[in-house]
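This briefing is for a reader new to the structure. Please look at the sequence and the model below, then work through the topics that follow.

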Amino acid sequence: MKTSESLGEDSENSSPEFSSLFRLQPLDDHLAALFQRMDPKMPTVLNLAVKILSARTREGHVCLDLAGRDGLWPRVSRMAGVEGGLDSWRREIVASSLVGERLEDVRPLMLMGNRLYLRRYFRAETMVAGGILKRAGEEFHIQDTAALKKVLDYFFPEQENDNISMQKVAAFAAAGKSLCVIVGGPGTGKTTTVCRLLASLCTLAETLPVLVLTAPTGKAAGRLGESMVAGKAALGAMEREVFDAIPETASTLHRLLGLAHGRKPRHHKDNPLSADIVVVDEVSMVDLFLMAKLMDALKPGARLILLGDRFQLASVMPGSVLGEICKGASLEKSEDFIRNFDKIFGKTDFFTGHAGISAMADCVVELTRSWRFDSAGGIGRLARSLNEGQGTDVAAMLEQGEDSNVLWCPVMTAAELTPALGDYIILGFSELMKASTPEDAFAILDRFRILCVLKEGPFGVHGINSLVESILEKEGLLRLSGPWYRGRPVIVLRNDPASGLYNGDVGITLEDGQSGEMVVYFPSEDGGFRSFNPLRLPELETVFAMTVHKSQGSESDSVLIVLPDRDVQVLSREILYTAVTRARKEVILAGRMDILIQGTERSVRRSSGLGDVLWK
């Protein structure tokens with residue numbers, strides 16, 4: 001077997017087979033070569049680790065775990081013929097002038113424990129960990145416990161789980177800490193809870209706090225605003241100033257922070273946000289770097305409330321922030337938390353606790369009761385089976401047609417797509433092509449969505465969008481005389497602060513009521529619509545079908561999920577769970593059953609040190 005020093009002589013670790021297996025690209029070789037020039041004595045094991053680390057960050061990982069807990073590095077080192085073990089690899093790596101081991105070290109690479117980072121990723125992870133832990137450790141001592149009980153009993157009268165309302169537990173946690181993380185699956189009432197929670201905090205406050213609502217995408221921000229309007233309408237009697245203090249609109253995180261491509265955010269530690277309470281929805285979509293910018297922009301003492309589904313697909317960019325924040329979450333709480341809760345609301349044996357537990361334990365509350373899906377119903381059962389990786393159960397449920405709201409549509413080849421999906425497409429989009437107002441058009445589009453795992457190919461977004469246009473044209477519902485036709489839905493692909501449009505914003509093409517010219521309407525934050533000449537729009541594409549990633553933060557009555565025609569690494573239980581839980585009433589899965597089972601049994605776990613730092 002080759003030693004680390006002799007490995008570079010035959011460059012087996014740069015062979016086409018090796019590069020293909022570990023998805024290396026020329027950029028990875030160039031980065032390793034750059035570091036080699038910076039440190040001519042750079043050991044070969046570090047050269048190899050840098051290439052793998054560079055490739056892993058492209059796939060969303062934050063670091064390379066040399067201890068091999070994800071199984072990757074042992075395979076790499078074995079195939080590359082690197083002798084030694086973890087201790088000897090660490091000694092060689094830290095001996096390089098490129099590698100730091102202490103927080104204060106300024107080196108291009110950081111080795112923290114057994115995790116190797118590019119410095120930019122390590123700095124972002126450190127900022128997020130520091131910001132989260134700071135707020136987890138900040139406590140608001142509740143002086144008037146009788147007032148707290150009265151307010152929470154008023155806004156959270158429902159009981160569950162042996163007379164313990166987890167929504168009330170979340171509000172209690174938020175009242176006592178600067179950080180509150182509320183997680184749960186679809187329909188568990190996260191936004192309803194936060195609306196009542198904000199009403200509670202405002203009612204208890206001596207001075208009304210400044211509240212801000214935000215989400216990663218325009219669609220998610222719009223839904224959060226709609227949920228707050230509905231939630232406020234159901235709150236019941238309260239002081240008018242409290243009612244008015246709760247926002248009814250939300251902005252994207254990019255807008256909130258003043259992020260423009262290539263520029264420093266408008267809000268940062270030297271110019272923080274004025275908000276006393278910041279609520280972030282759909283946190284599973286927030287990547288490590290965006291969360292770091294948010295941490296930097298919060299003013300001292302500001303409360304942070306995070307909402308999301310920790311089992312959903314992680315962000316497109318690096319990190320799995322919500323998953324890491326919830327890594328050790330359970331019904332275990334600190335002894336102080338349990339003592340105070342029991343003192344105010346009566347003794348309960350629902351929680352377990354012990355001394356020395358992480359401060360994070362008191363900040364994370366999981367809502368488990370779904371108000372949308374019956375736990376024994378079709379969509380709820382399917383989502384649970386996918387989340388648990390039960391491929392055979394998923395297959396049995398679909399093939400036996402146990403629930404009319406969960407349908408299976410076998411599609412073996414691209415030639416079968418049109419006959420298999422045609423009726424669903426015509427039923428789902430025919431009214432959209434006839435809509436004359438943006439209000440009607442968006443309401444119709446929200447009823448039906450097509451989601452794809454892939455972007456390219458006949459089973460990907462581009463192929464399915466072309467298929468939809470072809471089917472609708474044959475039905476006489478559209479004329480493809482040019483790129484802009486009535487009913488064409490589009491999605492923005494990059495942020496454009498000049499127009500106020502951001503990546504993920506969805507628009508619909510209609511005739512202008514006065515000129516008759518084609519314009520594209522986008523929802524505005526005030527609840528209305530803005531129209532744009534197509535020539536003024538940033539880069540976009542047709543969106544009859546969208547990727548599952550792009551669908552996060554949205555919901556539809558009916559969702560058609562088009563599976564890949566082959567097994568691909570991106571097909572996992574997380575992406576399937578996310579796709580299925582976009583549906584409110586009906587799910588249709590189209591594809592091959594063997595591919596669905598393989599995807600259900602594959603789970604994606606991103607390498608990161610954030611969870612260990614937060615929960616140690």
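Predicted model: local features only at pLDDT ≥ 70, side-chain atom pairs only at ≥ 80, totals over all residues.

**Confidence**

- The average pLDDT of the chain is 90, and 96% of the residues score at least 70.
- Confidence is lowest in helix H1 (residues 4-7), where the mean is 41.
- It is highest in strand S8 (residues 277-280), at 98.
- For residues 1-12 the pLDDT is below 50, and this stretch has 24 contacts in the model beyond near neighbours in sequence.

**The four-stranded sheet**

- Strands S1, S4, S3 and S2 form an open sheet of 4 strands in the order S1-S4-S3-S2, and the pairing is mixed.
- Strand S1 (64-65) and strand S2 (99-100) each have a single partner strand, so one side of each has no neighbour in the sheet.
- S2 and S3 run parallel and are joined by 2 bridges.
- Gly-100 is placed opposite Met-110 in S3.
- Strand S3 (residues 109-112) and strand S4 (residues 115-118) run antiparallel, with 4 bridges between them.
- Met-110 also has a residue opposite it in S4, namely Tyr-117.
- Further along this pairing, Met-112 has Arg-115 in S4 as its bridge partner.
- S3 and S4 make a hairpin with 2 residues between the strands, and Gly-113 in the turn has a positive phi of about 65°.
- Helix H7 (residues 119-137) lies across S3 and S4 and runs at about 105° to S4.

**The five-stranded sheet**

- A second open sheet consists of 5 strands in the order S13-S22-S21-S14-S20, with parallel pairing.
- Its edge strands are S13 (406-410) and S20 (545-547), each of which pairs on one side only.
- On average, neighbouring strands of this sheet are turned by 25° against each other, direction ignored.
- Strand S14 (residues 448-452) runs parallel to S20 and is joined to it by 3 bridges.
- Within this sheet, Ile-450 stands opposite Ala-545 in S20.
- Helix H21 (residues 461-474) lies across S14, S20 and strand S21 (556-562).
- The direction of H21 is at about 170° to S20.

**The pair H9 and H16**

- Two packed helices are described by the angle between their axes and the distance between the axes.
- For helix H9 (residues 166-176) and helix H16 (residues 335-345), the axes come within 12 Å and cross at roughly 115°.
- The crossing of H9 past H16 is right-handed.
- On the H9 side, the residues that meet H16 are Lys-168, Val-169, Phe-172 and Ala-173.
- On the H16 side, they are Phe-337, Asn-340, Phe-341, Ile-344 and Phe-345.
- By type, the residues of this contact are 7 nonpolar, 1 polar and 1 charged.

- Which helix holds Arg-223? This residue lies in helix H11 (residues 218-233).
- Arg-223 and Gly-553 are 330 residues apart along the chain, and their C-alpha atoms are separated by 7.6 Å.
- Apart from its neighbours within four places in sequence, Arg-223 is in contact with Glu-282, Gly-553, Ser-554 and Glu-555.

Notes: Residues numbered from 1 in each chain as written. Heavy atoms only, no water. Pairing = 2+ DSSP bridges. Axes fitted to C-alpha atoms, helices over the stretch in contact; angles between N-to-C directions. Contact = heavy atoms within 4.5 Å. pLDDT = per-residue confidence, 0-100. Left-handed = near helix turned anticlockwise from the far one by under 90°. Nonpolar A, V, L, I, M, F, W, Y, C, P; charged D, E, K, R; others polar.
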